[in-house]
Amino acid sequence: MQQLNSSNSKIWSCHPKKLALALAACTLCFCAIFCLSGCKPPAGQLAANAAIAEMGAIENRDPASIKCLPEASQSEELEAIGVSQEEFFDWWLEGFSYSLGDLEMNIEEDDALINAKITARQLEPIIKEWSNQYSAWLTNNEQAIKSGTSEDPCAYGKALLRSIFESTEPTLVECTVHVKKYDDDWSIVDEVDNGVYRDALLGSTENLSEYYEAPINKLASFGVKLPVVADEEGSEETAS
């Protein structure tokens, strides 16, 4: 039987670091082949990517990511007292953070549920507190407002809303994020019952329109001239 001499034995030995580099190179090679072959990532990964993209948009305070919700779109009422949409979402989404956990797939339904931990300011208690405090202040200062001797009531309402947002600590909530495949793309389900919205961002599914409108209607009844805001076409008009 032929014996390997010392020089031949070196052919079969391999330094641990070189072996690790070789394995890494093989892994990259297989990944490249997988991508070039046109194969899509697993459905679970696509569902998770959709959730990550949506959470990232919210974290970056992108209004488009949650304007589908009536409770969020109703915030346009606040333009009547000079609160821009940019300001509103900045105040609301400051401190937002998230982490995603286990994912449960329903392949037949192209559906996924992802466990998540989300830290956010819940909108419902903030808007209710603002509406009640602001309405009470307007009632108590009605005569001064009508005679023009009070402080600017619109500026007061805006400052009050900001102070309530800033004094509200974000709440950590454990919830379930619902993700679904529409045609060829996965995305978060834009429904108020989705855990990321109902449990984390809103705090309930209650319609908040009356709380937005109550102080604005009171201002109008007092004959207050509301600030000038830009409409969707860029022209300016007085809020009504």
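Helices H5 (residues 85-93) and H8 (residues 153-167) pack at an angle of about 25°, and are therefore roughly parallel to each other, a term for angles under 35 degrees. Helices here are DSSP runs (H or I) of at least four residues, and strands are E runs of at least two, numbered from the N terminus. The model is predicted: local features need pLDDT of at least 70 and side-chain atom pairs pLDDT 80 or more, while totals for chains, interfaces and linings use all residues. Residues are numbered from 1 along each chain as its sequence is written, and side-chain values use heavy atoms, without hydrogens and water.

Axes are lines fitted to C-alpha atoms over the stretch in contact, with angles from 0 to 180 degrees between N-to-C directions.

| Helix pair | Angle | Axes |
|---|---|---|
| H5 and H8 | about 25° | 9 Å apart |
| H6 and H8 | roughly 145° | within 10 Å |

In the contact of H5 with H8 (heavy atoms within 4.5 Å), Glu87, Phe88, Trp91 and Trp92 of H5 meet Lys158, Leu161, Arg162 and Phe165 of H8.

H8 also contacts H6 (123-140). Residues of H6 in this contact include Leu123, Trp130 and Trp137; on H8, Tyr156 and Leu160 are among them.

Glutamine 122 is in the loop between strand E2 (111-120) and helix H6. A polar atom of the glutamine 122 side chain lies 2.7 Å from the backbone oxygen of aspartate 199. Asp199 is also one of the residues that glutamine 122 touches, and Thr171, Val173 and Gly203 are among the others, not counting residues up to four places away in sequence.

Note on methods. A polar contact is a pair of N or O atoms within 3.5 Å; within protein, one must be able to donate a hydrogen and the other to accept it, and residues adjacent in sequence count only if both atoms are side-chain atoms. Angles under 35 degrees count as roughly parallel, over 145 as roughly antiparallel, 65 to 115 as roughly perpendicular and the rest as oblique.
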